[in-house]
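Visitor: I would like to see how the labels on a model follow from its numbers. Can you take me through them?

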Amino acid sequence: MFDLSSRTAKVVFFGTMCLIGFYMFFPLYWMITSSLKDNAELYRVVPTLYPHEITLKNYWTAISESKLLTYLTNSLITSGSSALLNTILALYAGFSFAKYRYFGRQPVMLFMLSAQMFPFGLLLISLYPLMTEVGLLDTRLGLILSYIVFALPVATYMLYSYFSQVPDELIDAARADGASDFRIFHTIVIPISIPPIVTVFLYSFMWSWNDLLYSMTVIVSDEKRTIGPGLLLTYLNELNADWGGAMAASLLVSAPIVAAFMFLQRYFIQGVTAGAVK
Amino acid sequence: MTNLEMTGGFRVSPLTRRGGLKGVERRVGMLMLLPALAAFSIVIVYPFAQALGLSLFEYTLQNFEPTFIGFDNFRTIMSSPEVLDSFIVTVIYVGCATAGTVVLGLGWALILNQPFRGRGAIRSLSLLPWVVPSTVSAFIWGWIFNSRYGVLNALLLEMNLIDVPQAWLSTPNGALAAVVLTRIWRSIPLFMAFFLAGLQNLDREQIDAARVDGAGNFAILRDHIIPHLRPVLLVVVVLGVIGGLQDFDTIFALTGGGPVRATSVLSIEVYRRAFEQWDIGMASAIGVLWVATLLPPAYFYLRMLVKGR
């Protein structure tokens, strides 16, 4: 793209690269190295650039002395279930929008899509009393259901735009063979749609995994708490914050989502940017 | 013809032999939509409508029976400097964060579009700031901005840019800068991904031709790359503004809206009113104004999606 044969071009290019790269990656490097330092090395006015003595003590403390494992389990349960729920709902809705024509289809679709812009905090104001009424406050189910707010609209749109590209002939041919529409969807369309389905699942999972606001409000008891508020209450609510422990715990809770993401990122980026770029 | 358009392009031709089957298919389609629509109505539409309604009521911890007071909540907001401050903070936050992310995200995408060894790995790693949970990013930046042991103070002292360590998160401007920098850091990856996708179908021959005509790097950027990326730029700005207006988690974890109210954006303001002061009516009213702020970018976004189909 750019011609980097001249010296000025090289300097500008690599200079910018170093600056932005530093901004992007140094915080991550700092999280990792800080988690490996002991307190004597961590709390110094002039910090060491790398851990002179590597210790895993922070990880050990985070796992054994805090409730991190409980929080992680809770997050896995709520995020996993809500991602599954969202994906299933969005699968049928997306297919319906893409392949059927009925009265009100387009307005409903647009309305659903616009819902991603409803402020989450505003919805919570009325979700909270609603959940109290039906006894879902402080339950994992309540949290799972409220996570529909985050991902259902976008998930539906992502699957809709994928299904729109599935040729109608494929469905018509199977219909001519006498297969029912649900059967066609389950045995023909879903098997060829695994990449977008995985993308939508991960997208939805990520939203719930990262959530702080809803979990902090809906969940009251400590044994049901998820990682977002769990981390915050463990490490920053005390007078003397344990930064080494916070960094170690941060790494531990980021690991599952980062691993899943790295594995599937190609599909993921295609799915998220689809529609915006042609 | 007009009738057809009004029903959303749904066609009933008297010539089709499968007129009866079509009816069945249509019902199957509606059946498939039903579960999502039900969930959507209960969890999103109903609470939204109710919040709109509650903005017209007095509904507080002292007064648990909602009383209709018309537009009084909005009148209170108009004469309340706190809410006005919150609006200003939100505009600064969203504006600075979006502008900063566009510049840095575009720069980073252009760099990663240039072939060099290890590019694939850097591209993958660049997505990390976006993937780590919001609480984690608040922890990372809180530690960097720490007033006593933070690496930022150490760095600036070393470079002689400051004389004494700064308490970044305890001063209004420092805290606002910190939440903006954290937000930019978190959103560069997504912007970069959009820009990289847009750069893929750039017309290389056109650029080569321009280069033969003597155009330099800057001229190519200005005359070819940026105009080519304009549609992507629009999408990214709209998504950035919507995302910024929605943002709560990182700000809450990093500063809690403080010091005092320096980083109290609308999302934080609504949360505080509703769940710390239990003033549901006022919280809903501020939320309604928040929705109004979101409407213009939302409109553009939807229009783009509809056009793009």
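Predicted model: local features only at pLDDT ≥ 70, side-chain atom pairs only at ≥ 80, totals over all residues.

Visitor: Why are α3(A) and α14(A) called roughly perpendicular?

Guide: Look at the angle. Helix α3 (residues 57-65) of chain A packs against helix α14 (residues 243-273) of chain A at about 75 degrees. The label covers 65 to 115 degrees. The two helices are therefore roughly perpendicular to each other. Their axes lie 8 Å apart.

Visitor: Which residues make the contact?

Guide: From α3(A) come A:Asn58, A:Tyr59, A:Thr61 and A:Ala62. From α14(A) come A:Gly244, A:Gly245, A:Met247, A:Ala248, A:Ala249 and A:Leu252.

Visitor: How do the residues of this contact divide by class?

Guide: Six are nonpolar and four are polar. None is charged. Gly counts as polar here.

Visitor: Next, chain B. What makes it more spread out than a compact globule?

Guide: Chain B has 14 helices and two strands. Its radius of gyration is 25 Å. The globule rule gives 19 Å for 309 residues. The value for chain B is well over that, so the chain is more spread out than a compact globule. The C-alpha trace spans about 80 × 75 × 30 Å along its principal axes.

Visitor: What share of chain B counts as buried?

Guide: Of its 309 residues, 41%.

Visitor: And how many of its contacts join residues at least 24 apart?

Guide: The figure is 67%, among contacts in chain B between residues at least 6 apart in sequence.

Visitor: How many residues does each chain bring to the contact between A and B?

Guide: Chain A gives 83 residues and chain B gives 81. On the side of chain A, the largest share comes from α14(A), with 14 residues. By class, that side of chain A has 60 nonpolar, 17 polar and six charged residues.

Visitor: Where is A:Leu124 found, and what does it touch?

Guide: A:Leu124 sits in helix α6 (residues 120-133) of chain A. Leaving aside residues up to four places away in sequence, A:Leu124 touches A:Leu213, A:Tyr214 and A:Thr217. A:Arg7 is 117 residues from A:Leu124 in sequence and 56 Å from it in space, C-alpha to C-alpha.

Note on methods: Residues numbered from 1 in each chain as written. Chains lettered and ligands numbered in written order. Axes fitted to C-alpha atoms, helices over the stretch in contact; angles between N-to-C directions. Helix = DSSP H or I, 4+ residues; strand = E, 2+ residues; numbered from the N terminus. Parallel < 35°, antiparallel > 145°, perpendicular 65-115°, else oblique. Contact = placed C-beta atoms within 7 Å. Rg over C-alpha atoms; globule rule 2.2 N^0.38 Å. Buried ≥ 20, exposed ≤ 12 C-beta atoms within 10 Å, placed from the backbone.
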